[in-house]
Amino acid sequence: MNFMKYSPTRLLFGVGQLNNLREQKLPGKKALVVISNGKSTKENGYLKRCEEELNAAGVENVLFDKVEANPLKSTVMTGAKCARENNCDFVVALGGGSVMDASKAIAAMATNDGDLWDYINGGTGKGQELLNNPLPVVAITTTAGTGSEVDQWGVVTNEETNEKIGFGGPDSLYPVLAIVDPELMKSVPAKFTAYQGFDALFHSVECYISVAANLMSDMYALTAIENVGKYLERAVKDGNDIEAREHMAFANTLSGTVMTISACTSEHSMEHAMSAYHQDLPHGAGLIMLSKEYYKHFINQHVCDDKFIKMAKALGMEDAKSPEDFITMLVKLQEACGVADLKMSDYGIEKDEFDKMAKNARETMGGLFMCDPCPLSHEDCVKIYEKAYR
């Protein structure tokens with residue numbers, strides 16, 4: 001029954017909510033607007049709309065457009081330097097999970113000395129506490145994937161050490177304002193809609209089977225799973241299906257919130273090790289590759305049979321009776337979204353890397369292993385990689 005809930009982020013949810021940015025109480029007068037190094041934010045007009053809203057609110061802005069799909073520590077440090085040199089007093093994250101994650105780290109390093117890895121817990125991080133509050137962050141999400149707009153965490157890769165580790169934790173890293181406007185998600189290509197949708201799904205699935213789960217987190221997790229099960233396929237097949245986009249955005253926001261009440265499990269640690277060594281691997285794609293064998297492992301241990309049955313029902317199998325039904329529904333959804341045949345080998349991952357990745361996963365984000373419903377050994381991780389490999 002024990003849980004702690006703290007959600008300080010003001011959330012504006014719904015179609016057209018970006019148009020209300022100018023009416024909000026913004027936390028400063030000069031914003032560093034952070035976007036990805038891709039073209040979509042500019043070509044789809046989202047950047048222009050955001051800048052117009054900031055201008056209407058009397059806020060100056062400086063653009064930082066260098067964030068990668070898996071944000072790098074060097075990019076974060078460059079962004080923090082840009083914020084300081086331009087005297088920015090808050091950050092606007094306009095984009096998907098990578099942009100929001102990077103923005104939180106940029107906000108922290110804009111006000112604190114040293115290197116980002118001085119403040120990282122895990123791996124070669126020094127585990128120091130932030131001495132100064134980060135710049136406030138306004139998060140405007142353009143994807144339905146990570147839920148980073150409503151939590152206090154981000155994930156950054158140290159390209160020098162091949163470590164991909166979660167950064168954050170302090171309450172000061174929660175965005176002060178989040179805008180979740182499904183209209184901004186209509187332009188996301190089908191395959192990335194799928195990758196992001198499964199990332200949101202696995203946040204909730206992991207938090208549901210986690211030893212940190214509780215009555216409050218279960219409510220969020222199951223509702224998110226139900227929405228993904230009903231609407232992800234529609235969003236993948238028709239990006240302009242605004243009802244599907246709305247419900248996936250809702251599932252995403254719930255999945256971000258549930259991570260602040262429960263905790264993810266080692267599936268995320270294992271995927272982070274994959275994309276730490278293979279920068280071009282989309283996070284959601286890596287999770288999809290692992291998922292079937294990862295969840296089979298815990299089903300075979302019979303540690304939370306009832307929960308897997310409830311998740312199978314949430315995904316649409318009303319008469320589910322066995323935990324294996326969850327795998328059936330998971331694979332069915334992956335097939336419907338065209339992502340059931342993803343291959344590690346297509347991203348350059350080789351079989352002789354499994355021992356290295358299993359070790360990396362535990363050394364960099366070992367805390368998530370403590371949230372597994374039963375202990376997962378190094379050998380177990382290697383076997384899951386091996387079974388999932390294609």
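Across the interface of domain 1 and domain 2, the rule turns up 1 salt bridge, meaning a side-chain nitrogen of Lys or Arg within 4 Å of a carboxyl oxygen of Asp or Glu. The side chains of Lys164 and Glu271 meet in a salt bridge at 3.7 Å, N to O.

A quick note on the source: this is a predicted model, where local features need pLDDT of at least 70 and side-chain atom pairs count only at pLDDT 80 or more, while totals for chains, interfaces and linings use all residues. Residues are numbered from 1 along each chain as its sequence is written, and side-chain values use heavy atoms, with hydrogens and water left out.

Here is the interface in numbers. Domain 1 spans 10-184 and domain 2 spans 190-388, with bounds from an automatic or database domain assignment.

| Domain 1 to domain 2 | Value |
|---|---|
| Distance between centres (C-alpha atoms) | 25 Å |
| Buried area | about 2,100 Å² |
| Share of buried area on carbon and sulfur atoms | 56% |

Buried area here is the accessible area (1.4 Å probe) that two parts lose on being put together, summed over both. In domain 1, Ala144, Asn162 and Lys164 lose the most area to domain 2, together 27% of what that side buries.

Now for Thr146, which sits in the loop between β5 (137-141) and β6 (153-158); strands are DSSP runs (E, at least two residues), numbered from the N terminus. Thr146 counts as buried because its relative accessible area is 19%, and buried means under 20% (1.4 Å probe, protein chains only). Setting aside neighbours within four places in sequence, Thr146 has contacts (heavy atoms within 4.5 Å) that include Asp199, His203 and Asn252.

How values were computed: Helix = DSSP H or I, 4+ residues; strand = E, 2+ residues; numbered from the N terminus. Buried < 20%, exposed > 50% of the residue type's maximum accessible area, 1.4 Å probe, protein only.
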